[in-house]
Amino acid sequence: MKIPVLYGTFREGRKSEAVAKFIHAELLKRGIESEFIAPENYHGKQLEQKHPEPWKTVMAEADGLVIVSPEYNHGYPGALKEMLDSLYEEYNFKPVGIVGAAGFVGGSRMVEQLRQVVVELKMVPIREALYFPMVWELNDEKGELKEPEKYLPRLEPFFKELFWYAETLKEGREKHPWGK
Ligand SMILES: Cc1cc2nc3c(=O)[nH]c(=O)nc-3n(C[C@H](O)[C@H](O)[C@H](O)COP(=O)(O)O)c2cc1C
């Protein structure tokens, strides 16, 4: 199963990257093939490069998506929206799980707003979400997530639902191709 991680920001000094890297590592540990997609590799490209490889290829081959993002001014970062807007068919009928890494409410407003956006991409946002409040306090001196084992029980229902949809929708796309 292929489930890339789309990370939401290229802010200098960002602190949410520790969470994004942790989630990515946990997907790999569960035998999922997963690319880590960082928006700084795609930002500001010419219009003709708006569908840069490998993001288009990665998403075309994916069975689902995990988005890990901070919340900026009660919304999702522009960098994340730019990435999402650069593709369309590649997302269709695939599930997406959203992880917030931010301040007091762990990015919950960003998660709710992003759910509205991904529906327009014909994605299926899962019910489970993960929230990492006060994320700047969760980084160790190497910039990695402190005490990662603490979060493992919370990951299970998130991954369980995501994988269920990934398998079920893959079968659905194969058995019932849309518009063909
Ligand atoms: C422009 C800007 C706006 C922000 N707005 C919010 C916000 O609305 N809610 C929140 O929880 N944190 C907010 N934060 C703080 C981030 O949660 C904090 O920077 C955190 O470390 C995650 O973002 P980062 O990966 O960019 O560091 C904001 C940060 C920036 C730079």
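The legends below describe close-up views of a predicted model. Residues are numbered from 1 along each chain as its sequence is written. Because the model is predicted, local features need pLDDT of at least 70 and side-chain atom pairs count only at pLDDT 80 or more, while totals for chains, interfaces and linings use all residues.

**View 1. The overall fold of the protein.** Five helices and five strands make up the secondary structure, and their order along the sequence is β-α-β-α-β-α-β-α-β-α. Helices (H or I, at least four residues) and strands (E, at least two) are DSSP runs, numbered from the N terminus. The C-alpha trace spans about 50 × 40 × 25 Å along its principal axes. The radius of gyration is 16 Å, which agrees with the value near 16 Å for a compact globule of 180 residues; it is taken over C-alpha atoms, and the globule rule is 2.2 Å times the number of residues to the power 0.38.

**View 2. The largest nonpolar core.** This core holds 47 residues, and Val5, Val19, Ile23, Val66, Ile67, Val68 and Val99 touch the most other members. A nonpolar core is a set of buried Ala, Val, Leu, Ile, Met, Phe, Trp, Tyr and Cys residues joined through C-beta atoms within 7 Å. A residue is buried if 20 or more other C-beta atoms lie within 10 Å of its own, exposed if 12 or fewer, and partly exposed in between, with C-beta atoms placed from the backbone. Of the 180 residues of the protein, 38% count as buried.

**View 3. The contacts of Val68.** Leaving out residues up to four places away in sequence, Val68 touches Val5, Tyr7, Gly8, Ser16, Val19, Ala20, Ile23, Val99 and Ala101. Two residues are in contact if their C-beta atoms, placed from the backbone, lie within 7 Å.

**View 4. The shell around the ligand.** The ligand is surrounded by 16 residues, of which the closest are Arg14, Ser16, Pro70, Ala102 and Gly103. A residue is near a molecule if its C-beta atom, placed from the backbone, lies within 6 Å of it. The shell divides into seven nonpolar, five polar and four charged residues. Ala, Val, Leu, Ile, Met, Phe, Trp, Tyr, Cys and Pro count as nonpolar, Asp, Glu, Lys and Arg as charged, and the others, Gly among them, as polar.

**View 5. Lys122 and its loop.** Lys122 lies in the loop between helix 4 (108-120) and strand 5 (123-132). Although not a glycine, Lys122 has a positive phi of about 60 degrees.
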